[in-house]
Structures are given as C-alpha cells and as structure tokens.
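Please read them with the structure open.

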Amino acid sequence: MIVSTKAIVLSKLKYKDHDLIVKCYTASNGVMSFLVKGTFSSKKGKLKPAYFQPLSMLQIEVDYKNNRDLHYFKNVRLLHSYKSLHTQILKSTVVIFLAEILSTILKEEEPNPSLFEYIETTFLWFDTVEQSRLFHYKFLMGLTKYIGFFPELTDPSLPYFNLEEGKYQNEATGAFCISGNKLILFNSILGTKFDTSNEKLMSSTEKQELLHMIFAYFKLHLQSFKPPKSLAILNQVFN
C-alpha cells in the first residue's frame, strides 16, 4: 500500500558503506524506520544525507507493509526549509538534543495527530525567532501533555509540587517533592506559551537545576528514560 504523509526525522544511522537507516515520526503511522540505499554513493544515491538532518520535515511516499520493520521511500521532498535551525549553533544544539530525546521516547507505530502537530508547530516557531534560551525546557514540559503525564495545575499556589504524583500539595510527602526556589523555577515553564517575552534570565546553575528536575520528572513517569548523550554538548554551549 502506498502511503503519502508528513514525516519528521528523529535519527539517522549509517548502515554498511553507502546506506542509511532513518527513523521518522510520521503523521499517518507514528514511528517508522526506513532503509535508504546508496545515500553516500555519488552514482546510485538519489536521496542525499542533507534530507535527513535532525527534525527535518518531509513529505514522503512510502511503500507500506504491516510486517516490515524497515520500509522504503518511494518519494521524498522537504516540506519546510528551515532558515536557522540547522545553521545557528544554539538552535542546532537544541535540535540535536531534542531529536535524541524524541527518538528515545516515541515508540508507538500508530498516528497521534495532536502530538505530530505539536512537534511540527513548535519547531516552525523556533525557526522564526531570533533566540529562545528556554525553548527546550518549555518543549519538554509541553510534550508531556501528549504522552500522558502533564502536571495537574488545579492549585499552583500550594507550596510543594510532587514530581512523582505530578501535582501540587500542601506538604511534602516524599523524596520527590520540590518547594521554594526550585518550585519557582519549575513553575516558570508550566502553562506558558512559546514566546520570548516572558523568558527570565537564569544563571547557569538555575538552568542546570531546572533541567535536572525535568529529567527527574520524565524518569519518574517513563521508566526507560535516560538523559541523552548530547546533554554534555548542550551544557557546554548554553553555559
């Protein structure tokens, strides 16, 4: 069956001498992996590696079969040509970082239109702004809405937030409750829209503390979650 769909590149891996295995998040089928033959061959390759940069947005035609682990592109074209995401060092570092996280946590081979739209629209916005040093924090917490564990925001005035329970509380009830300055940091990226006007300046220590809390929250709700290998590069570039 031939399927035509939007796709967002999550990862690529060189296979043998001239081929690529590309993992994409598709609007029609969720996560799919593709074998792209001859990518690194000047004679045979029709699809060059530049198509498959992290989080590139593609329009693809696929020869889809249920029993395949690896599929094949019949046609590929760039759906959006980014202006800055792959060329500006701060943005490209964030893109690599978030693509690695998405590649790790997205597993479902079924469509999720709202999740696909969230990823698509947020990165299109990120491409248009001059800079947003809190984008990756906001993106990760916004992502939890679509994968099932967004914090319960019924009473954000309470003095504690339980990362394990995902809700605000009157008192600390375990090792994963945060309060005080940590809670102020955590609250700063909840329920905020993707704009740069409300971004406060954070010290390097505050940014690392905030990311540590986000990772703890993800780990508590996604048991297989691990900090990405690109975290060290992100810290070096931003701090």
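1. Helix α3 is mostly covered, with 10 of its 13 residues buried (buried means under 20% relative accessible area, exposed over 50%, partly exposed in between, with a 1.4 Å probe and protein chains only). This is a predicted model, in which local features need pLDDT of at least 70 and side-chain atom pairs count only at pLDDT 80 or more, while totals for chains, interfaces and linings use all residues. Residues are numbered from 1 along each chain as its sequence is written, and side-chain values use heavy atoms, with hydrogens and water left out.

2. The buried residues of α3 include F135, Y137, F139, L140 and M141. Among the elements that cover the buried residues of α3 are α1, α2 (113-128) and α5 (204-221).

3. Helix α3 covers residues 135-147 and reaches 18 Å from its first C-alpha to its last, close to the 18 Å expected at 1.5 Å a residue. After α3 comes G148, with a positive phi near 105 degrees.

4. The axes of α1 and α2 come within 11 Å and cross at roughly 170 degrees. The two helices α1 and α2 are therefore roughly antiparallel (angles over 145 degrees count as such). On the α1 side the contact (heavy atoms within 4.5 Å) includes K91, V94 and L98, and on the α2 side F123 and D127. The contact residues of α1 with α2 divide into 7 nonpolar, 1 polar and 2 charged.

5. S84 sits in the loop between β6 (73-78) and α1 (89-105). S84 is buried, at a relative accessible area of 5%. Leaving out residues up to four places away in sequence, S84 touches K91 and D127.

Key
Helices (H or I, at least four residues) and strands (E, at least two) are DSSP runs, numbered from the N terminus. The expected span of a helix is 1.5 Å times one less than its number of residues. Axes are lines fitted to C-alpha atoms, for helices over the stretch in contact, and angles run from 0 to 180 degrees between N-to-C directions. Angles under 35 degrees count as roughly parallel, over 145 as roughly antiparallel, 65 to 115 as roughly perpendicular and the rest as oblique. Ala, Val, Leu, Ile, Met, Phe, Trp, Tyr, Cys and Pro count as nonpolar, Asp, Glu, Lys and Arg as charged, and the others, Gly among them, as polar.
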